[in-house]
Amino acid sequence: MPFYIRSPHVQRATRATGAGEAILTPGDGAVGEVFHHHRGGQFAAHQRVYVLSEFDQQKVEPRFFYWYFSSRFRMVTRGGTAKSTVESLRRPMFTSFPVVLPPLDDQWRIADYLDRETATIDTLIEKQRSLIAGLKVRRGAAIEQGVNGRLTSAGAERATGPSWMGSIPVGWRSVPLWAMFRREKRTGFIDEPMVSVFRDYGVVFKSERANLNETAEDRSIYQLVEPGWFVVNRMKAWQGSVGVSFIRGISSGHYLCFRPLHEEDDRFLNWLFRSPQYRHGFAMLSRGVRPGQAEIDNDQLRQMTVVLPPLNEQRAIADRLDRETARIDTLIAKADRFIELAQERRAALITAAVTGQLEIPTEESAA
């Protein structure tokens, strides 16, 4: 049976905590953001999920209440949540929440209308999400083929590379990372901008991306990063949070930062280290009690093998990947923007409908 937890994702359970039609929302965590409408039958709910049920069918159409509650209750949560370590709800926030009910026939009509219209919008959003997923697969495949030489050295004889890399063209070099980079930890640069390394973007200014990690008041503990330096989030390298920096700033003291000793192409190395193959390599070298806490240390990283084509081929690979990923990223950005606008349209439509600001067509006028 459905098991409603404190997230949008419904799980499954074998023991029921309730039955019948119900509206559910988490009491902490994603407060005011997650709402479920269970339309009948047995269900299970997490102990920190509030369950609203036993509707007076002579006064309240549960579907209308779901649309009204999920739209209007957000305002309550944004202005009046109790806060300790997480956002949380208290029972009085429910009991004092005002509900404005139109006549029952109007509730039915509004609910029918929103069921139809939101389903259409949700279908469009899902198509864009599927498009994005496909584009990301295509992007990863382009990078994977690029850094192993199958695009620039097609048909060339191949040799065995590192275990995570597979075969590489004959003529490519393999050198340990310690021969190309030396670890540096320079602190005290308090006036430099903060940088972070992200799985999807590499090394960027922290101010340019949403980041849950707060900057410490004592900025002297952060370490310098220069253009060309290799930066590794040691706890998330297995996820792809690594990159060659093209900017100057200061980063977390827990990162591993390496000064370059080489004359290779930085763009190629950034694509190489951030490729699916090397993400797998970082995962193989990371250690931890479970994958979510796997960590790579300096000694393991220094021994990692770096595969290097001739310099002119490095530049050709980087040029090609820059062009191909830029086109794909543009398409992804357009799809993301479509989803953002569609979600705004969806929210505005619901609010207008449940508050009487939108004239809902009758069956006769729709015909």
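Let me start at Gly149, the residue with a positive phi, near 80°, that follows helix 3, where helices are DSSP runs of H or I with at least four residues and strands are runs of E with at least two, both numbered from the N terminus. Helix 3 itself covers residues 104–147, and its 44 residues reach 63 Å from the first C-alpha to the last, close to the 64 Å expected at 1.5 Å a residue, the expected span being 1.5 Å times one less than the number of residues.

Before I go on, please keep in mind that this is a predicted model, in which local features need pLDDT of at least 70 and side-chain atom pairs count only at pLDDT 80 or more, while totals for chains, interfaces and linings use all residues. Residues are numbered from 1 along each chain as its sequence is written, and side-chain values use heavy atoms, with hydrogens and water left out.

As for pLDDT, the predictor's confidence in each residue on a scale from 0 to 100, the protein chain averages 90, and 93% of the residues score at least 70. Over residues 80–86, however, pLDDT stays under 50, and for that stretch the model has twelve contacts beyond four places in sequence, a contact meaning heavy atoms within 4.5 Å.

Turning to the strands, which pair if DSSP finds at least two bridges between them, strand 20 (residues 256–260) runs antiparallel to strand 13 (residues 181–183) and is joined to strand 13 by three bridges, with Arg259 as the bridge partner of Arg182. Strand 20 is also joined by three bridges to strand 17 (residues 230–232), again antiparallel, and here Phe230 stands opposite Phe258.

Which aromatic residues pair up, then? A search of the whole structure finds 21 aromatic pairs, counted when the ring centres of Phe, Tyr and Trp (its six-membered ring) lie within 6.5 Å, with planes under 30 degrees apart called stacked, over 60 edge-to-face and the rest tilted. Among them is Trp164 with Tyr278, whose ring centres are 5.8 Å apart and whose planes stand at 75°, so the pair is edge-to-face. This pair links distant parts of the chain, since Trp164 sits in the loop between strand 10 (158–160) and strand 11 (167–169) and Tyr278 in helix 5 (residues 276–285), 114 residues apart. Tyr278 also forms an edge-to-face pair with Phe273, at 5.9 Å centre to centre and 75° between the planes. Trp164 and Tyr278 are both buried, that is, under 20% relative accessible area, where exposed means over 50% and partly exposed in between (1.4 Å probe, protein chains only). Phe273 is buried as well, with a relative accessible area of 1%. Elsewhere, one aromatic cluster includes Phe35, Tyr50, Phe55 and Phe64.

Finally, the structure holds 21 salt bridges, each a side-chain nitrogen of Lys or Arg within 4 Å of a carboxyl oxygen of Asp or Glu. In one of them, the closest N and O atoms of Arg173 and Glu264 are 2.9 Å apart; Arg173 lies in strand 12 (residues 173–176) and Glu264 in the loop between strand 20 and helix 4 (266–273), so the pair ties together parts that are 91 residues apart in sequence. Arg173 is partly exposed at 41% relative accessibility, whereas Glu264 is buried at 18%. Asp319 forms a salt bridge with Arg267, also with closest N and O atoms 2.9 Å apart, and this pair links helix 7 (residues 311–354), which holds Asp319, to helix 4, which holds Arg267, 52 residues away. A network of salt bridges links Arg39, Glu61, Arg63, Asp112 and Asp115.
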